[in-house]
Amino acid sequence: MDIDERGPRFGAAVTTVVLAAVLITGSAWLLAWQTLAFALGAAGGVARSPYGWLFRRAIRPRLGPPRAFEAPEPPRFAQGVGLVFAAVGLLGYGFGPQWLGMAATGLALAAAFLNSAFGYCLGCETYLLVRRVSAGAR
C-alpha cells in the first residue's frame, strides 16, 4: 500500500532537527533515540516509525488530502541506511573516536536535510539504483 509522500518528508524534517541537536550537544543519548527511530522505520516501514506515527496523528489530519503517494519500500530502505549511519555515529560518540560520531551524524544530517528541504531522498534513490542494476544483471 502506497504512503502519503509528505509523511517521510516530515520525518526527515524532525530527523534533521534531532541530528543537528546531536552535533551541537554531542549527546549520545539523543543519537540513541534517533537510532531507535531509524530502526523502527527500517523494520516496520516509515508509517510505523515514531515520526510516522506523529505525522498520522497530529499533522496529516490538519492537512488537505494527499496529492501524491509513493511506494513504501524506498523510504524504508532509506531508514535502514540512516540506521547504519546513526549506529556508526553512536559508536563514535560512545566509544570513540569522536570525529567518527560527528562525521557519521553529519552525513545522516545532510541526507535528512536534502529530503526535508528539497524532497530529494538519497536512500530512496540508492534503492531505485540498486533495483535497476540488479534487474539488469538478470
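## Disulfide bonding

In this predicted model, one disulfide is counted, a disulfide being a pair of cysteine sulfur atoms within 2.5 Å. The bond joins C121 to C124, with an S to S distance of 2.4 Å. The torsion about the S-S bond of C121 and C124 is about 70 degrees, so the disulfide is right-handed.

## Basis of the model

The structure is a predicted model, in which local features need pLDDT of at least 70 and side-chain atom pairs count only at pLDDT 80 or more, whereas totals for chains, interfaces and linings use all residues. Residues are numbered from 1 along each chain as its sequence is written, and side-chain values use heavy atoms, with hydrogens and water left out.

## Salt bridges

Side chains of opposite charge can pair when their charged atoms come close. A salt bridge is here a side-chain nitrogen of Lys or Arg within 4 Å of a carboxyl oxygen of Asp or Glu. The search of the whole structure returns two salt bridges, and D4, R6 and R60 are linked in a network of such contacts.

In one of these pairs, R6 bridges to D4, and their closest N and O atoms are 2.7 Å apart. D4 is buried at 6% relative accessibility, whereas R6 is partly exposed at 25%. R60 also meets D4 in a salt bridge, with an N to O distance of 3.4 Å. R60 lies in the loop between α3 and β2 (69–70) and D4 in strand β1 (residues 3–4), so this pair ties together parts that are 56 residues apart in sequence. Helices (H or I, at least four residues) and strands (E, at least two) are DSSP runs, numbered from the N terminus. R60 has a relative accessibility of 32% and so counts as partly exposed.

## Surface patches

Two kinds of patch are described below. Patches consist of residues with over 30% relative accessible area and no salt bridge; like charges are joined within 9 Å, and nonpolar side chains (Val, Leu, Ile, Met, Phe, Trp, Tyr) within 5 Å. Accessible areas come from the Shrake-Rupley method with a 1.4 Å probe, and for residues only the protein chains shown count as cover.

R48, R56, R57 and R76 form a patch of positive charge on the surface. The place of a charge is taken as NZ of Lys, CZ of Arg, CG of Asp or CD of Glu.

The nonpolar surface patch is made by V84, F85, V88 and L107 and covers about 320 Å². Helix α4 (residues 73–95) supplies the largest share of this patch, with three residues. F85 is located in helix α4 and is partly exposed, its relative accessible area being 32%.

The C-alpha atoms of E73 and G45 are 7.7 Å apart in space, while the two residues are 28 residues apart in sequence. A further pair is L100 and G89, which are 11 residues apart along the chain and have C-alpha atoms separated by 6.2 Å. L100 is situated in helix α5 and counts as partly exposed, with a relative accessibility of 28%.

G96 and P97 are joined by a cis peptide bond, for which omega is about -5 degrees. P97 is in the loop between α4 and α5 (98–118). The C-alpha atom of G96 is separated by 46 Å from that of P65, although 31 residues part the two along the chain. P65 belongs to the loop between α3 and β2 and is exposed, with a relative accessibility of 69%.

Technical notes. Lys, Arg positive; Asp, Glu negative; His and termini not counted. Buried < 20%, exposed > 50% of the residue type's maximum accessible area, 1.4 Å probe, protein only.
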